[in-house]
Amino acid sequence: MAPTRDALIAAFAEAGHELWLAGGRVRDELRGLPPEAQGDDDFATSALPDECERIARRLGATVNAIGQRFGTTGVHLAEGWAEITTFRGDSYTPGSRWPDVTFGSSIDEDLARRDFTVNAIARHTVTGELRDPFGGRDDIERRLLRAPGDPRTRFAEDPLRILRGVRFVSQLGFEVEPETKAAMAASVELLPTLSQERVTAEIERLLTGGGPEAGLEALHEIGALPHILPELAGMPGCEQNRFHQFDVWGHTTATVAAIETDPASRSLRRWAALLHDLGKPPVRHIKKNGEWGFYRHEIVGAEMAEALTERLRLGKREGALLALLVRRHMDRPDPDDGRLVRRFMRRLEGHWRDLLALKRADNASHTYDDHEYHDRLEAACERVEAEEAALLRAESPLDGRELMALLDREPGPWIARIKERLSTLVLDGELAPGDKEEAARIARRMGGAVSLLADSEERP
Ligand code: ATP
Ligand code: MG
């Protein structure tokens, strides 16, 4: 059985160590969030990491010692995981990925090493005393993110704090205090020294926060885009035609803010909104009528999205799906043509709702209004899903083995081509699912044409 939080607090007191609740938990409590919405327990203590581990093990707790090099011991309590960190007295090596950790001797020294004043508040776990040496409570009231101490030094010694800051802009809805913002801007060149995993994790938190538009704008304002998302750096100032209220960047952040999500879809859809117009700056050209044109931007954008998601290590599946959504965001099937609607749905591999959400959000910052069309398309897709699910799953009535026997041919790329054709005919409602006889007639007819193609490909 995991020990309770109270048992842990009592054990530290008995051993003669100070134990303070610090960081996000105290901040969120002072912001008036209900306990279930507050962050995990982060404790600061006078005990050294070895001693933290000993105390926790004596209570029978499961311990995660991975962070001990940096002074942090993870402890599994009845209430959940908690992190106990020995008072910091860090000295950072600027430009290095990992700080050299030295331990401090008091909670005030520890708080002075923290990223923002609103996070530099601690509450004693036994006496309840509140330590707030940098005016963090006032900053919570004013909704301001301010670095404690000299802001330039703070960001230079750990540039991750810059990204944590813009992430908090989105998560907390706070603004960055001007001097702190200037200091962030002065250190953006150091961002590429951070590990990609940490950078990606902060961008993800920014995107899934409550105010992604403000977070992204802050990222742009401090000049961070070229250093962490260079593929997006051409968007600000990229003017569009008269149907748009904003440049590509303004339109992009408005789309991210407008896209409808639930907790399960938030990350994917916000990434899709962020990336959907990636291809616009590189393809922009003047059309005959003198307007800006963005011909094929969805195709170029999909290629860029694939490279970007790989560089950010978002995961193969998520990367492929994002590229697909970018590639298809201009699709506009006629809702009254069942065949076109089914082809549209099939191309989206089960993600037509995500694409529809993207199209609606994309439209939210246009000067014209396409609600009616999106409602009709959604109704058409719902109808197909309810009534024609079998067509949507359309498969070729003949498999590869059957085709080889039928046409008496060796395996090769021709099989995929014929199967693709047959399954499309089923999808279009022109061939009954499972009608092997008719499928064989079509396959025989196609056989000759495909063999010409295949032969010319196989013998260059
Ligand atoms: P969350 O609600 O996301 O957990 P948090 O503020 O608790 O937000 P953590 O990453 O859990 O963030 O960090 C806990 C505390 O440790 C922070 O509130 C902050 O005081 C401090 N901290 C974390 N990372 C840094 C950093 N890079 N530099 C300085 N202080 C940091
Ligand atoms: Mg936390």
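Colleague: Is Phe 168 buried or exposed?

Modeller: This is a predicted model, in which local features need pLDDT of at least 70, side-chain atom pairs count only at pLDDT 80 or more, and totals for chains, interfaces and linings use all residues. Residues are numbered from 1 along each chain as its sequence is written, and side-chain values use heavy atoms, without hydrogens and water. Buried means under 20% relative accessible area, exposed over 50%, and partly exposed in between (1.4 Å probe, protein chains only). Phe 168 has a relative accessible area of 2%, so Phe 168 is buried.

Colleague: What kind of aromatic pair do Phe 116 and Phe 168 form?

Modeller: Rings of Phe, Tyr and Trp (its six-membered ring) pair if their centres lie within 6.5 Å; planes under 30 degrees apart count as stacked, over 60 as edge-to-face and the rest as tilted. For Phe 116 and Phe 168 the centres are 6.2 Å apart and the planes at 85 degrees, and the pair is edge-to-face.

Colleague: How many residues apart in sequence are the parts that this pair ties together?

Modeller: Helices (H or I, at least four residues) and strands (E, at least two) are DSSP runs, numbered from the N terminus. Phe 116 is in the loop between H4 and E6, whereas Phe 168 belongs to helix H7 (residues 160–172), so the parts tied together are 52 residues apart.

Colleague: Which residue lies over the face of Phe 168?

Modeller: A charge sits over a ring if NZ of Lys or CZ of Arg is within 6 Å of the ring centre and within 35 degrees of the ring normal. At 4.5 Å from the ring centre of Phe 168, the residue over the face is Arg 167.

Conventions: Chains are lettered from A and ligands numbered from 1 in the order in which they are written.
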